[in-house]
Amino acid sequence: MYEWNEIALSIAKEVEREIVPLFGKPEGGKVIGISPSGDKTKLVDKIAEDIVFNSLKSLGVNIVSEETGSIDVGSDYTVVIDPLDGSFNFIHGIPIFGFSFAVFKGSKAEYAMLYEFMTENVYEGIPGKGAYLNGKPIYVRELNERAIAISFYTRGRGMGLIKRVKRIRVLGAIAMELAYLAKGALDGVLDIRNYVRPTDIAAGVLIAREAGAIVTDDTGRELKFDLSASEKLNIIAVNSEKLLKLVLETME
Ligand code: IPD
Ligand code: CA
């Protein structure tokens, strides 16, 4: 039996040791390749991913990682990982970025961890057993229709929503934004650019759902995704049916 929490945290801490000295430094942003989804791979992404691969190698599990893509060694377990979500923030000295680690047995989620480097907060999700922040249960907050706060990334679609909520944020690290939804800091996290990948959201979706969130695609159907580094997705994650209804009313 794998101790996923210990494995995930020890990898996160190792990534932290290696990359944090590069925080806010342009050298971390040097482009060194192209990821399977077509994004530029930066030096800091590569350093983080190399650590992950070295650490997971001895476990003999399948890996789906943002910069390298899928490595299938025929294991029952697949780790879907983005060792640095929020690379732009990291490189430019904006302290919102994190480590995203989700484990699947076959296609079923088994465990998820998000580690926020700057606060050292550890978010976890265990299917059927809840979501946790530093070991304490967390829940989405109750919707107050007069004070809705969402993270909302669009290229123009659904703009009517802006007038119907009080606060809009786009924080640049969707994994962490899903953690903020899970702990009740935001009412919703929406990215409807057809752009986020399973590696960005796999852990965050499990944690948010375990905290009580509803997570759908842009039509309101339960969000499903492949264990892949290249699939492009729309996501609507909200704390209530009421907010989901409001969001869907504004989607053309
Ligand atoms: C990015 C972040 C960001 C999202 C981008 C992603 P990365 O991940 O999740 O919130 O808007 O689409 O690419 O590239 O920094 O790991
Ligand atoms: Ca990344």
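Me: What makes β2 (40–42), β5 (77–85), α3 (87–91), β11 (149–153), α4 (174–182) and β13 (188–196) stand out in the lining of the largest pocket?

Reply: In this predicted model, each of these elements supplies at least two residues of that lining. A lining residue has an atom within 4 Å of a point of the pocket (an open set of points on a 1 Å grid over the protein atoms alone where a 1.4 Å probe fits, with protein on both sides within 12 Å along at least five of seven lines). The elements are DSSP runs numbered from the N terminus (helices: H or I, at least four residues; strands: E, at least two).

Me: Which element gives the most to the lining of the largest pocket?

Reply: β13 does, with six residues.

Me: What makes up the lining of the second largest pocket?

Reply: It has 14 residues, with Phe 104, Ser 107, Arg 209, Leu 223 and Phe 225 nearest the centre. Two or more residues come from each of β7 (108–116) and α5 (198–210), and the largest share, four residues, comes from α5.

Me: What conventions apply here?

Reply: Residues are numbered from 1 along each chain as its sequence is written, and chains are lettered from A and ligands numbered from 1 in written order. Local features need pLDDT of at least 70, side-chain atom pairs count only at pLDDT 80 or more, and totals for chains, interfaces and linings use all residues, while side-chain values use heavy atoms, without hydrogens and water.
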